[in-house]
Amino acid sequence: MNMNSQVKDSDMKYSLLNTTMGILTLVGDEAGLQFIGLPQGKGRVIPEDDWQRDDAAFADVRAQLNEYLAGARVAFDLRLNPRGTTFQQAVWAALRQIPFGETRTYSDIARAIGRPRAVRAVGAANGRNPLPIVVPCHRVVGSDGSLTGDAGGLEAKAHLLALERS
């Protein structure tokens, strides 16, 4: 699934950010950042014709992502406006509680949101996270500690986890 299927707003602005992971697509509106499109995988976001490129509107996002990817930032302070169901929002909020450099399992997240039997649904919500890196879905691993699916691919997940361990 391409994240574009969730974005249908003519007031959207976007910016492209060249990083060590490839080019990230930042998308949002006046209410805040809605998407971070990854360079590959199902987390890709391709700018729509009616979106307006506005690098200045994303100056804080660009700066904080660059600092994080350089190893100089461990938390983000950004206006976020992800769109999703109440359940997805709960999962994404739980992801933001995972400390830098640590991991949790899907079961841990299910318990954290008070839905211990919803492990598969947590996995699905994690996979639909529109704000990877900032909402750290890469910090969620399989019950055996293995790397599991990631919208940007397992290579991106491994890269981010290695960055946080160093």
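**View 1. Ile133 lies in the loop that runs between helix 4 and strand 6.** Helices (H or I, at least four residues) and strands (E, at least two) are DSSP runs, numbered from the N terminus. The model is predicted: local features need pLDDT of at least 70, side-chain atom pairs count only at pLDDT 80 or more, and totals for chains, interfaces and linings use all residues. Residues are numbered from 1 along each chain as its sequence is written, and side-chain values use heavy atoms, with hydrogens and water left out. Ile133 is not a glycine, yet its phi is positive, about 80 degrees. Most residues other than glycine have a negative phi. With 1% relative accessibility, Ile133 counts as buried (buried means under 20% relative accessible area, exposed over 50%, partly exposed in between; 1.4 Å probe, protein chains only).

**View 2. Ile36 sits in strand 3.** Ile36 has a relative accessible area of 2% and is therefore buried. Apart from neighbours within four places in sequence, Ile36 is in contact with Leu24, Thr25, Leu26, Gly43, Leu65, Pro130, Leu131, Pro132 and Val134, where contact means heavy atoms within 4.5 Å. Val134 is 98 residues away from Ile36 along the chain, and their C-alpha atoms are separated by 8.5 Å. Leu26 is the bridge partner of Ile36. Strand 3 as a whole is mostly covered, with six of its six residues buried.

**View 3. Four strands make up an open sheet of mixed pairing, in the order 3-2-1-4.** The edges are strand 3 (32-37) and strand 4 (52-53), each of which pairs on one side only. Two strands pair if DSSP finds at least two bridges between them. Strands of a sheet pair through backbone hydrogen bonds, either parallel or antiparallel. Strand 1 (residues 13-19) pairs with strand 4 in the parallel sense over two bridges. Lys13 has Gln52 of strand 4 as its bridge partner. Helix 1 (residues 59-69) packs on the sheet and touches strand 1, strand 2 (22-29) and strand 3. The direction of helix 1 makes about 25 degrees with that of strand 1; axes are lines fitted to C-alpha atoms, for helices over the stretch in contact, and angles run from 0 to 180 degrees between N-to-C directions.

**View 4. Strand 2 pairs in the antiparallel sense with strand 1 and with strand 3.** Strand 1 and strand 2 form a hairpin with two residues between them. A second hairpin joins strand 2 to strand 3, also through two residues. Strand 2 is mostly covered, six of its eight residues being buried.

**View 5. Helix 2 (residues 86-95) packs against helix 4 (residues 119-127).** The angle is about 80 degrees and the axes are 9 Å apart. The two helices are therefore roughly perpendicular to each other (angles under 35 degrees count as roughly parallel, over 145 as roughly antiparallel, 65 to 115 as roughly perpendicular and the rest as oblique). Helix 2 contributes Phe87, Gln88, Val91, Trp92 and Leu95 to the contact, and helix 4 contributes Ala121, Val122, Ala125 and Asn126. By class, the contact has seven nonpolar, two polar and no charged residues; Ala, Val, Leu, Ile, Met, Phe, Trp, Tyr, Cys and Pro count as nonpolar, Asp, Glu, Lys and Arg as charged, and the others, Gly among them, as polar.

**View 6. Ala110 is placed in helix 3.** Ala110 is buried, with a relative accessible area of 0%. Leaving aside neighbours within four places in sequence, Ala110 is in contact with Arg115, Pro116, Ala118, Val119 and Val122. Val122 is twelve residues from Ala110 in sequence and 6.2 Å from it in space, C-alpha to C-alpha. In helix 4, Val122, Ala125, Asn126 and Gly127 are buried. The buried residues of helix 4 pack against helix 2, helix 3 (106-112) and strand 6 (140-141).

**View 7. Residues 1-5 have pLDDT under 50 throughout.** pLDDT is the predictor's confidence in each residue, from 0 to 100. For residues 1-5 the model has 20 contacts beyond four places in sequence. The protein averages a pLDDT of 88, and 90% of the residues score at least 70.
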